[in-house]
Amino acid sequence: MNPLRQAVVDWLDDNFHFGDTEALLGGDDEKSFLRNGILDSLGFVKLILFLEDTFRVRINRKDLTRENFDSLGKIVRYVSALPGYREGT
Amino acid sequence: MPRVYWPLDEAQAQTSALYAFMQHCERETHTRFSGYLELQSWAVRDYERFWQLFLDWSRLGVTGAAAPVVSERDCAKARFFPGLRLSYSKNLLRGSAGWDDRPAVTGITEAGERLRMTRRELRAAVERFAMGLTRLGVGPGDRVAAVVRNTPEAVVACLATAAVGAMWSSVAPEMGEAAVLSRFSQLQPKLLCTHTEYTVHGVRRSLLGRIRTLIGDVPSLKTVVALDSGSGDGKAEVAFLPRAELEQHGALAMDEWGEFPFNHPLFVLFSSGTTGAPKCLMHGAGGTLVEHYKEHVLHSSFGPREKLFFHTSAGWMMWNWQLSALACGTEIVVFDGSPTYPTQDALLRMIDREQVTVFGTSATYLHALQQLGMPPKEVGAFARLHTIQSTGSILYDAQYDWIERDFKRVRIQSISGGTDIIGCFVLGNPLLPIHRGESQCVSLGMDVRVITAQGLRRHGEGELVCVNPFPSRPVGIFGDDSGARFHQTYFSQYPGMWTHGDQVTLSEQGSARILGRSDGTLNVRGVRIGPAEIYSIVLAMPEVLQAVAVEQAAPREPGGSRMVLLVVLRGGTSLDRALTLRIKKELSQKGSPAHVPAVIAQVAALPVTDSGKLSEKAVRDVLHRRPLSNRAAIKNPEALDAIAAHPDLRLPG
């Protein structure tokens, strides 16, 4: 179990889907958040702050693109490659 | 006194409509006003003369006698201009020299579709829709319910409803089924205007399930008009009247629109309090029109050269507020979609592209941009933007600096009022400087004061009350024929004064700083939610024995707040993650996303007063570490100590 992936799923459950996040993803971590209504307009703001707080990383605002954040898989890959990221922090 | 953000420019002030009106009052009353404060002092002292002069100066289209101004001077009972008649829609759509071929409304969707209508085109569309309504037998006193996106066709349907004298009541598509039902079932509407689908972040969502429920549970509905041509599954099961068919019977020309009494009900807005079902507040056509015209022309300096975009849905009173800006020739932009789709800066790009001059928003949105580290100035130059209006929650001092540094140096008007008065108690002013974190002034003609520990005061911190009559108070609550519920809501706490439910500081310089709610109403990003709605949903869950929902200052958002729900669970049940998610899901589905608290915490007991009532106020005070005014009246003060010590509920610092 990837703790980063689990943290994002839990966060989506806590804030938007209340236990239905995995069902919405349907086993596809590359499913587009935007196209499938998985994250709402201001949700991304909260998600970025959550990731920075929880994993003690700094996300460059210029990187807030669909290429980096539009799916669970993309978020996990982007955040885990950030300098300073450590699993379980 | 906070630092000045925008000093007064005397020369510019003298070009404002407010200055022109002040001069008009000076001429008519043979009085010299040194500035706004003296004008305001006179306007509240002689409010009947003030409203008469304003109506005369405004040139709004009314017929009949402008005297008496009020039916009586008792604040709780006064009705304004009982001898006047008017048409709200006619006043919004009237042509003035050169206005007819100028844009009146521009609709933008998140997909980038754009529909622009001139005043002439908008009027023609309203005339066709009004004819359709008339043929369906919709007329004075009928209710038209609406589940609509923020689009030009919603504007058309609303103005046509008003044109035939019916009441318009709209909610946004995001509102949950139970919340929509609890509102519209009280109103017994004859007609439902609805979109059949809406789009969030590019994803189409059907409204057909909700429409079917409404048809099943609101038997007064005779017709359902579809404003769009969505083609969701099951559309055939609903007998929609397509908008195109409704409009195919010709036009009810504007000249034929009736004029209705000044206090004829125009809009029904919903305000949910601490107990009972949401209240259906009926706002009168005249009160709404003159108050909005005053706020728009005098306080906001709107006019035919302005282009207003207020970021709202059709379910918030700011939708009705921005609509009325048509009366002063201002073009309105209505936006249907998510502010961050398809890109995070989508809304900002639209504002820049459309050359909006006045941007209305919430402190929450501005705060989100700031948190994201997304300086709007990097998105565009916002060449024509000169004013930002902010409401919904408190715009704190540092946000003024952020706007100046990272957005644009523009006038910032922090405005506040609400659904209950379909307008503002505090707002902007071209004759005064702007101080960080403050609204510039109290609305002209409204005798707003504070109830402090020392009693009624003109200045200081306390509960906001208005002690003189004003035209935009509701004309009543639908279904409350005796008026008892209306008076209980607004006039029972301090007899003879309107009690609004806000805490405020009024400065001696005339400025104001709203501090938050003074009652149990929850303010979630500007949407007022009565705890009663929360309770009706969570107490229906078998695990939940008692619940209290209150607002608490948000730890990471100066000036912002979060909703906290405290629950007492039935014997032995503990609030695990699964139950927490289930409570949130119930609230989201049966209420709306705004009904979902930021924090849910289990407690062993909630504070109970001697009379056996749960005390929301005691919980609020404890969560804000305020001294408890009524600890002696709490039967179980140890419950408060436990809440104060709860790890999930402590504020940092």
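With 89 residues, chain A would have a radius of gyration near 12 Å if it were a compact globule, and its value of 12 Å agrees with that. The radius is taken over C-alpha atoms, and the globule rule is 2.2 Å times the number of residues to the power 0.38. This is a predicted model, in which local features need pLDDT of at least 70 and side-chain atom pairs count only at pLDDT 80 or more, while totals for chains, interfaces and linings use all residues. Residues are numbered from 1 along each chain as its sequence is written, and chains are lettered from A and ligands numbered from 1 in the order in which they are written.

Helices (H or I, at least four residues) and strands (E, at least two) are DSSP runs, numbered from the N terminus. Along the principal axes, the C-alpha atoms of chain A fill a box of roughly 30 × 25 × 20 Å. Buried residues make up 31% of the 89 in chain A; a residue is buried if 20 or more other C-beta atoms, placed from the backbone, lie within 10 Å of its own, exposed if 12 or fewer, and partly exposed in between. Of the contacts in chain A between residues at least 6 apart in sequence, 63% join residues at least 24 apart, where a contact puts the C-beta atoms, placed from the backbone, within 7 Å of each other.

Chain B has 653 residues, for which a compact globule would have a radius of gyration near 26 Å; the chain comes out at 24 Å, which agrees. It holds 20 helices and 35 strands. The C-alpha box of chain B is roughly 70 × 65 × 55 Å along the principal axes, and 53% of the 653 residues count as buried. In chain B, 71% of the contacts between residues at least 6 apart in sequence join residues at least 24 apart.

Now to where the two chains meet. In all, 16 residues of chain A are in contact with 18 residues of chain B. On the chain A side, helix 3 gives the most, with four residues. That side divides into eight nonpolar, four polar and four charged residues; Ala, Val, Leu, Ile, Met, Phe, Trp, Tyr, Cys and Pro count as nonpolar, Asp, Glu, Lys and Arg as charged, and the others, Gly among them, as polar.

Helix 3 (residues 43-55) of chain A packs on helix 14 (residues 363-372) of chain B at an angle of about 40°, with the axes 10 Å apart. Axes here are lines fitted to C-alpha atoms, for helices over the stretch in contact, and angles run from 0 to 180 degrees between N-to-C directions. The two helices are therefore oblique to each other: angles under 35 degrees count as roughly parallel, over 145 as roughly antiparallel, 65 to 115 as roughly perpendicular and the rest as oblique. The crossing of helix 3 of chain A with helix 14 of chain B is left-handed, that is, the near helix is turned anticlockwise from the far one by less than a right angle (clockwise would be right-handed). From chain A come V45(A), I48(A) and L49(A), which meet A368(B), Q371(B) and L372(B) of chain B.

A363(B), L366(B), H367(B) and Q370(B) of helix 14 make the contact with Q399(B), W402(B) and I403(B) of helix 15, giving four nonpolar, three polar and no charged residues.

Elsewhere in chain B, helix 13 (residues 346-353) has A346(B), L347(B), L348(B), M350(B) and I351(B) buried. Their cover includes strand 4 (103-109), strand 16 (307-310), strand 17 (331-336) and strand 18 (358-362) of chain B. Just after helix 13, Q355(B) takes a positive phi of about 55°. S492(B), by contrast, sits in the loop between helix 16 (484-490) and strand 29 (498-506) of chain B and is exposed, with 11 other C-beta atoms within 10 Å.

Definitions and conventions: Two residues are in contact if their C-beta atoms, placed from the backbone, lie within 7 Å.
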